[in-house]
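Trainee: Walk me through this structure, one feature at a time. Give me the idea first, then the case.

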Number of protein chains: 2
Amino acid sequence: MTENQTSAFDVKTLSAEALAERLSRLHFADAVDVINDLDIVERVNVFKFLPIEYAIELFDKPELDEPGQILEMLPTERSVTILDGMSADQAADVFQEMEEATRAKLYPLLKPLTRAEMKKLSSYPDGSAGALMTTEFIAVPSTWSVRQTLDHIRDVERTRETVYASYVIDPETSVLIKAVSLRNLILANPDDTILNAATNGEPIKIGPLTDQEEVARLFRRHDLLSVPVVDETDHVIGIVTVDDVLDAMTEEMSEDAYKFGGMEALDKPYMDIGFFDMMKKRGGWLAVLFLGEMLTASAMQHFEVELEKAIVLTLFIPLIMSSGGNSGSQATSLIIRALALRELELRDWWKVALREIPAGVSLGAMLGLIGVIRIIVWQKTGIYDYGEHWVLVAITVGAALIGIVMFGCLTGSMLPFLLNRLGFDPASASAPFVATLVDVTGIVIYFSVAALILSGTLL
Amino acid sequence: MTENQTSAFDVKTLSAEALAERLSRLHFADAVDVINDLDIVERVNVFKFLPIEYAIELFDKPELDEPGQILEMLPTERSVTILDGMSADQAADVFQEMEEATRAKLYPLLKPLTRAEMKKLSSYPDGSAGALMTTEFIAVPSTWSVRQTLDHIRDVERTRETVYASYVIDPETSVLIKAVSLRNLILANPDDTILNAATNGEPIKIGPLTDQEEVARLFRRHDLLSVPVVDETDHVIGIVTVDDVLDAMTEEMSEDAYKFGGMEALDKPYMDIGFFDMMKKRGGWLAVLFLGEMLTASAMQHFEVELEKAIVLTLFIPLIMSSGGNSGSQATSLIIRALALRELELRDWWKVALREIPAGVSLGAMLGLIGVIRIIVWQKTGIYDYGEHWVLVAITVGAALIGIVMFGCLTGSMLPFLLNRLGFDPASASAPFVATLVDVTGIVIYFSVAALILSGTLL
């Protein structure tokens, strides 16, 4: 069943029971889409009739809308069964969303294990491995055989997340020793010991506070399907699985894009977010940038005498300033990615500076040349008259471009390092932020170069 | 072994043989790092001594530098064994990189199966599912039992990529019927038929030309570990696995970031790319943007009379123009992400326009208000004198900001739709591109508003 076909379901004419029956033959993601289109009463009715195992799987999908509200309206017993059956990470997320009163009612009814897992999982900060992980995993003592492990998996398997890998622990201390992939488990001789089926070397592992970008990098580097999260004493407290990493990366991609565009990250799809929420996410940064950009007016007021004498200089202000902003935004996007991919470390800032200065001078010289040619052509063909000192004006424009583009490259490339050093996300160095920084300085550079070249003639 | 410890390897003092022995105890990714730091002759020597199965695994990592050159310098027989043993997608990529002469020498020596797979894989365009897929997968007839399938997997298992899922095909027509995850295979009763162990409903599948962004979306939606690629007649021709999707997403993230920053995507890490390559990637777009931005000079020349009469207007040009660019870049980043995540379709453009116009007016009014307050405060406190018509100047600035920010939001949000409609990647709508578009129009709007409000007084 493809997504488009789901629309063939005429959900409104079916009874909740019939709908539940039909839904249970769909892929989970398609069923979630159908359910999300129902109103809340219909949704609750459907979940009353869905087979419980199937209902649990649907609640395990982060795409299900308002799971907390549905659970609040379902019969208490059914809600408790669903929460106990869900994978712990998702259950903890859903539980957070419910009303305080419902939580107080449901919490004592949950299994002690579910309660303990929820408590643990909700204690880690957003964006950390602890917040991504689930507490269900397979751990077996190193004395077991492959066959025992496989039998154990068949026994305890509760949710899809548990079987990506098994973890071998010391039978005495419970410390993590090895990881065994499901693949190796199947390929191994059932009578072999579990240690013989394990992967070479120390298992890859992370702490609960590891940043999700670092987690994603480890998954890519080692082609992992899951990674164990261990505490300081090397005891496994959970696992992060590849599907959660994919979701986290997608979220991270969006956040970085919004930040680079100069706004706060949205937490909802574009069409779902309220008008005033949207204004807040955009307006805040826009106002900050506007206040910063006001310094351009101050800078220009400072050069008011020059402006009055040489109106011709104002013609090139937007051109020159935007070139600084553009070269800065290029440099920023380069360095943000290089830092995110760990191609560069914080301490490499000076190597980057040593590259960006000649790069900026070369790019500025190229643009300067185009600018000078433009002035010559316009002047010689009579399209516009830049006055008797047009040659000096052309030289001013060319020289200012070299300085400003160089400054743009340098500022744009250093800003992500600086933000990183100050403990901020380097991705907060947005294109508009860099442009604003460069604009103000650009005006000062432009008029200083002009004063140098044109004093005694135009100025 | 963690990454930092790899530096403890004093690779220079070890013989290639001793090094090979040590390497084979590392995680593959760590071993690749150590090898990448060697010079080419040392690398070749190491690969002469590494156990062949381990060498094949290392060549399967896309992170290994210059695999083609290493294979060219290894004894022919060893190179052929490695190429035959590698997963087909990686082998095809590496083979592309070799010198024509070496390819001609090695190609006839490869197994016919390897040759056929390489030929097939190299025929799909970059960024398509066909280019991401590998041709090794497990397909079993629907008449088999679970036990037969597991035995078959143990028999044919060549590379790690094959076992994520098995595909059940019609014994007569070989058409894909069902998918069975490794997890379900293990949980099922070995004597059950394979069809009973399969996932509910039609298997999720894609065509070889499906875009990699769409592939990633399917993986996220259905929490897949692999997806079968089928031809028009529903015969499986390969599979895409989640590790390749993670790599593709990371590449896509970088490309989008570079594009949004206004430059061509880099194909190498920042510090590895040559100076002139870097100039080309940045200079091209910078020059195009510069040429576009030259229209601002033309626009200002057009308003030369107004400029001379009212120098005070020039003070606010950078402020007003950058506000248009900033609001445009916010809107663009919003819509690029919404399109990438399929929150919006092409046909939703008018809904977005209907949202962005009031959003732009509101944001513009906010900035306009700040601007007006600034002028009042500076005027009243005597910091700067905007002349006798300063009230009208303030009104001009405020009104122009409303118009320009609205125009910025509208242009920024419509540009990704337009690019998408014209067949380009919406992510090509870079922040500098939007800023340039808005700058030129911004000047026209500013001076038109000024002419309207100030004619008869300042103008």
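Mentor: Begin with accessibility: Asp234(A) is partly exposed, at 22% relative accessible area. Buried means under 20%, exposed means over 50%, and partly exposed is in between, using a 1.4 Å probe and protein chains only. The model is predicted: local features need pLDDT of at least 70, side-chain atom pairs need pLDDT 80 or more, and totals for chains, interfaces and linings use all residues. Residues are numbered from 1 along each chain as its sequence is written, chains are lettered from A and ligands numbered from 1 in the order written, and side-chain values use heavy atoms, leaving out hydrogens and water.

Trainee: Where does Asp234(A) lie?

Mentor: Asp234(A) is in the loop between β4 (226-230) and β5 (236-241) of chain A. Helices (H or I, at least four residues) and strands (E, at least two) are DSSP runs, numbered from the N terminus. Check its backbone too: Asp234(A) has a positive phi of about 65° although it is not a glycine.

Trainee: What is the phi of Glu66(A)?

Mentor: Glu66(A) is another non-glycine with a positive phi, of about 45°. Glu66(A) sits in the loop between α5 and α6 of chain A. Its relative accessible area is 39%, partly exposed.

Trainee: Is Glu172(A) buried or exposed?

Mentor: Glu172(A) is exposed, at 72% relative accessibility. Its place is the loop between β2 (165-169) and β3 (176-181) of chain A. For a sense of distance, take Val397(A): C-alpha to C-alpha, Glu172(A) is 76 Å from it in space and 225 residues from it in sequence.

Trainee: Now a helix. How many residues of α7 of chain A are buried?

Mentor: The general idea comes first. An α-helix has 3.6 residues a turn, so residues three or four places apart point the same way. In helix α7 (residues 76-85) of chain A, seven of the 10 residues are buried, so the helix is largely enclosed by the rest of the structure. The buried ones are Arg78(A), Ser79(A), Val80(A), Ile82(A), Leu83(A), Asp84(A) and Gly85(A).

Trainee: What covers the buried residues of α7(A)?

Mentor: The cover includes α4 (40-49), α5 (52-59), α6 (67-73), α8 (88-97), α9 (100-106) and α10 (112-121) of chain A. Contact here means heavy atoms within 4.5 Å.

Trainee: Next, the cores. Which residues have the most contacts inside the largest nonpolar core?

Mentor: In soluble globular proteins, nonpolar side chains tend to be buried together. A nonpolar core is a set of buried Ala, Val, Leu, Ile, Met, Phe, Trp, Tyr and Cys residues joined through side-chain atoms within 4.5 Å. The largest has 132 residues, and Phe316(A), Tyr446(A), Phe316(B) and Tyr446(B) have the most contacts inside it. Apart from it lies another core, of 118 residues, including Met98(A), Phe219(A), Ala216(B) and Met253(B).

Trainee: What does Tyr446(A) touch?

Mentor: Skip residues up to four places away in sequence; Tyr446(A) then touches Leu313(A), Phe316(A), Ile317(A), Ile320(A), Thr396(A), Val397(A), Ala400(A) and Ile404(A).

Trainee: Which ring lies under Arg355(B)?

Mentor: A charge sits over a ring if NZ of Lys or CZ of Arg is within 6 Å of the ring centre and within 35 degrees of the ring normal. Arg355(B) lies over the face of Tyr270(A), 5.4 Å from the ring centre. Within chain A, the charged end of Arg115(A) sits over the ring of Tyr107(A), at 5.8 Å from its centre.

Trainee: Last item, symmetry. What rotation superposes chain B on chain A?

Mentor: A rotation of 180°, with 0.0 Å of shift along its axis and an RMSD of 0.1 Å. The two copies are thus related as by a two-fold rotation axis. The same surface serves both: 100% of the contact residues of chain B recur in chain A.

Notes
Copies are superposed by least squares on the C-alpha atoms of residues with pLDDT of at least 70 in both.
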